[in-house]
Amino acid sequence: MPSIRVAQRLYLLLVVPVIALLTIAIPAAADRLNRIRAAESLAATMSDAQAVAPAIEELQTERLLVTAFLSAPADYREDLSRQFFATTEAAGRAHRSLTGPAAVKLHDQLARLGEVTALRQDVMAGRGAVAQVLPTYTTLIEALLNELARVDPPIATAREPQAFDALLRSNEHASLAATALVAAPADAPLAASVADQAVLLGRGDAERFGRLAASGPVAVLDGIQRGSATQHLDAALVDITAARPNGLPLDERLALAQATAGQRRILRAHVGRELVAQTSAAASAARLESLVLGAVAGVLVIACLLLGVRVIGSVTRPLRRVAVAANTIADLAASEMARISRDDEADTESAPRLAALTHRSSDEIGELASAFNRVQATAALLMQQQVVTRRNVTRMFGNIAVGPPDPSPGGLRRRQPGTEAPTPGPAGPPAMRSAPTADPEAERTALNAFVDGTHRADKQTAASPRADLRRREPG
């Protein structure tokens, strides 16, 4: 990767952990999202079940009163009229409360309650029969219970909806058995068949509720089943299923049925509120947990990026400063050499000053900065020595060009350019023995020629020391 800069290579290294972190975070976020949806769906399902349960209970009460009305029309007409209104109101409240995934289908099932309108009219007119009433109401109630039991696959194994379904079905079978007890005077064979099947199914639902629900509600249901009202009701049902005559009056049968139904209704309301609260709290906890995990993942990604950018900057910034300082030294050296070879202004100018690199660390970058500062200081010293040497050489040959000092009593004075100088001694350089000239260009030419000659003489001296000694002997 010769064309990729150091910063780009370091950023490529940073991409690897970021991609690994995202690879772990994205599936985890998707799993958390699915959990949130499942928890919210479960909470909505339980809320819908709690909203539909009162409508089911009002239907059960209406079925019980219609059966009693068919046996004694004059005694229960007013109660039955009020119950028709209560059932309609409960269905309307359920319609307005549905928000879960099965809301549409539950709306359709609640709309089927309109099918009992004609049946209600026939019953009030005295044209109804127990064999017609029981199947119609039981079918509507079973349809609502079956629709509540249909849940989405993510929550199909959840205990809460299964426990609530077991409780609702246990209450339905208990209500159906009580209705059979009330219907026995009008149709004993049908009542015996319905009661036998309802008792058997009710026991199975109660056992299922005991396995799925918490210990508190299970104990309450067990207390209801062992209570006096339920015990009297069960004894009367045994007589009906055995085809034995039972001397309980209709109003007592109805009172036993309503007593057990009221107790079970209270239990259902309590269990429903607890399950709705639990599922809602679980959904809120899932949302909060996902929010916290998402925030932590986001902070980790941002921290990784910021740390990577900082580390990369700590590497590339000193390198850029070294590169800039190196280019500055090269530019200054080139300009200094050009200036010295161009004119004689070195007599009055000093060597340039170079700023040192500042990097307060003891790592490799700090060592590189320290080494570069030494190189820079050495280069500046060499340029300064070059300037000093150039100044000294210029002054020395300037003195030679203007002649020796004036030995007159007026003191030592340097002869002005343009005046006649005495003949130099034998030690003077041959190139400078002629009369001085006032032309600066000629002086520079002579100076350069002398410097070149001096360099050649130094090389010859180094090669032959004896020849150098012979050259330096006088005469």
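User: What volume does the largest cavity have?
Analyst: About 40 Å³. Keep in mind that this is a predicted model.

User: And how many cavities of 30 Å³ or more does the structure hold?
Analyst: One.

User: Which residues line the largest cavity?
Analyst: Thr45, Asp48, Pro101, Ala102, Leu106, Glu147, Leu148 and Arg150. Two elements give two or more residues each to that lining: helix 1 (6-71) and helix 5 (130-149).

User: New topic. Where does Arg268 lie?
Analyst: In helix 10, which covers residues 250-342.

User: Is Arg268 buried or exposed?
Analyst: Buried. Its relative accessible area is 5%.

User: Why does that count as buried?
Analyst: Because 5% for Arg268 falls under the 20% cut-off for buried.

User: What does Arg268 touch?
Analyst: Leaving out residues up to four places away in sequence, Arg268 touches Gln50, Ala53, Pro54, Glu57, Phe164, Leu167, Leu168 and Asn171.

User: Now the surface. Which residues make the nonpolar patch of about 470 Å²?
Analyst: Leu288, Leu291, Val292, Val296 and Leu300 make that patch.

User: Where is the place of Leu300?
Analyst: Leu300 is in helix 10.

User: What is the relative accessible area of Leu300?
Analyst: 46%, so Leu300 is partly exposed. Exposed would need over 50%.

User: So how do I keep Arg268 and Leu300 apart?
Analyst: Arg268 is buried, whereas Leu300 is partly exposed. Arg268 lies in helix 10, and Leu300 has its place in helix 10 too.

Conventions: Residues are numbered from 1 along each chain as its sequence is written. This is a predicted model: local features need pLDDT of at least 70, side-chain atom pairs count only at pLDDT 80 or more; totals for chains, interfaces and linings use all residues. Side-chain values use heavy atoms; hydrogens and water are left out. Helices (H or I, at least four residues) and strands (E, at least two) are DSSP runs, numbered from the N terminus. Buried means under 20% relative accessible area, exposed over 50%, partly exposed in between (1.4 Å probe, protein chains only). Contact means heavy atoms within 4.5 Å. Patches are made of residues with over 30% relative accessible area and no salt bridge: like charges are joined within 9 Å, nonpolar side chains (Val, Leu, Ile, Met, Phe, Trp, Tyr) within 5 Å. Accessible areas come from the Shrake-Rupley method with a 1.4 Å probe; for residues, only the protein chains shown count as cover. A salt bridge is a side-chain nitrogen of Lys or Arg within 4 Å of a carboxyl oxygen of Asp or Glu. On a 1 Å grid over the protein atoms alone, a cavity is a set of points where a 1.4 Å probe fits but cannot get out, and a pocket is an open set with protein on both sides within 12 Å along at least five of seven lines; lining residues have an atom within 4 Å of a point. Grid points are joined across faces, edges and corners, and a volume is the space filled by probe spheres set on the points.
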